[in-house]
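Colleague: I am new to this structure. Could you take me through it, one question at a time?

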Amino acid sequence: MKLSIVIPAYNEESTIAAIISKVQAAALPIGISREIVVVNDGSKDGTADILGRLGGQAGLLIVHQSNQGKTAALLTGFKNTTGDILLIQDADLEYDPNQYGKLLQPILDGQTEVVYGSRFLGRIDAMQPINRWANEISNGTFSFLYGAHLTDINTCYKVFTRRAWEGMVITAKNFAFETEFTVKLLRRGYSIKEVAIDYTARSRQAGKKINWSTALEMFWPIIKYRFFSRG
């Protein structure tokens, strides 16, 4: 069985080499192979040059595209995967690939086809209070409106079978992927199992891209797909 790890990257010259190395070294359950698909979403720093030096390694595919946002980068990555299970990995160092084993196990055990790594069930380091509040508001609103208790819909760590993904149409732009994807999984009848993970937040100065405008961009689809869209 093969795991496809999709890494969208935009202006991540300070971390891209390190995260790829960590993903390559992360232990996987017995019988699981890996492929890594990195999508450079039109980075304007040295990300493309670093990826150019890393290219050609076995099991590592690097795709370049013009800047279109995180959702477009993810969709490009998914199209280039061949694995049975897909896993989303951010290009920074907030999420530790050494947690792959516990994220994969519920799928391998046949408990579910979708796993989310929940920061709020695990350990969070250095998250700003305003970011915590924004996440908690989103999680609470989502759980109330959709009747599905989830503690971390905006987590990077979403792991799912190819069957759960195939045929899904995503229309969101940039960071709104998280909500639309979650809503459409639930509408397809999939249960989402959450697994506690450890998370170390980075600051805006260190390159974190979430701000109030992106938070609102991520929150609006919770309302949109409950009341205004059945797509």
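Modeller: This is a predicted model. Its seven strands form an open, mixed sheet in the order 3-2-1-4-6-5-7.

Colleague: Which are the edge strands?
Modeller: An edge strand pairs on one side only. That holds for strand 3 (60–65) and strand 7 (193–200). From one strand to the next, the twist averages 20°.

Colleague: In which sense do strand 1 and strand 2 pair?
Modeller: Strand 1 covers residues 2–9 and strand 2 covers residues 33–41. Within this pair, Ser4 stands opposite Glu35 in strand 2. Eight bridges join the two strands, and the sense is parallel.

Colleague: At about what angle to strand 3 does helix 2 run?
Modeller: Helix 2 (residues 47–54) lies across strand 2 and strand 3. Its angle to strand 3 is about 150°.

Colleague: Is Thr76 buried or exposed?
Modeller: Thr76 is found in helix 3 (residues 70–79). Not counting residues up to four places away in sequence, Thr76 touches Val39, Val63 and Gln65. Buried means under 20% relative accessible area. The value for Thr76 is 18%, so Thr76 is buried.

Colleague: Which residue just after helix 5 takes a positive phi?
Modeller: The buried residues of helix 5 include Tyr146. Just after the helix, a phi of about 65° is taken by Gly147.

Technical notes:
Residues are numbered from 1 along each chain as its sequence is written. This is a predicted model: local features need pLDDT of at least 70, side-chain atom pairs count only at pLDDT 80 or more; totals for chains, interfaces and linings use all residues. Side-chain values use heavy atoms; hydrogens and water are left out. Buried means under 20% relative accessible area, exposed over 50%, partly exposed in between (1.4 Å probe, protein chains only). Helices (H or I, at least four residues) and strands (E, at least two) are DSSP runs, numbered from the N terminus. Contact means heavy atoms within 4.5 Å. Two strands pair if DSSP finds at least two bridges between them. Axes are lines fitted to C-alpha atoms, for helices over the stretch in contact, and angles run from 0 to 180 degrees between N-to-C directions.
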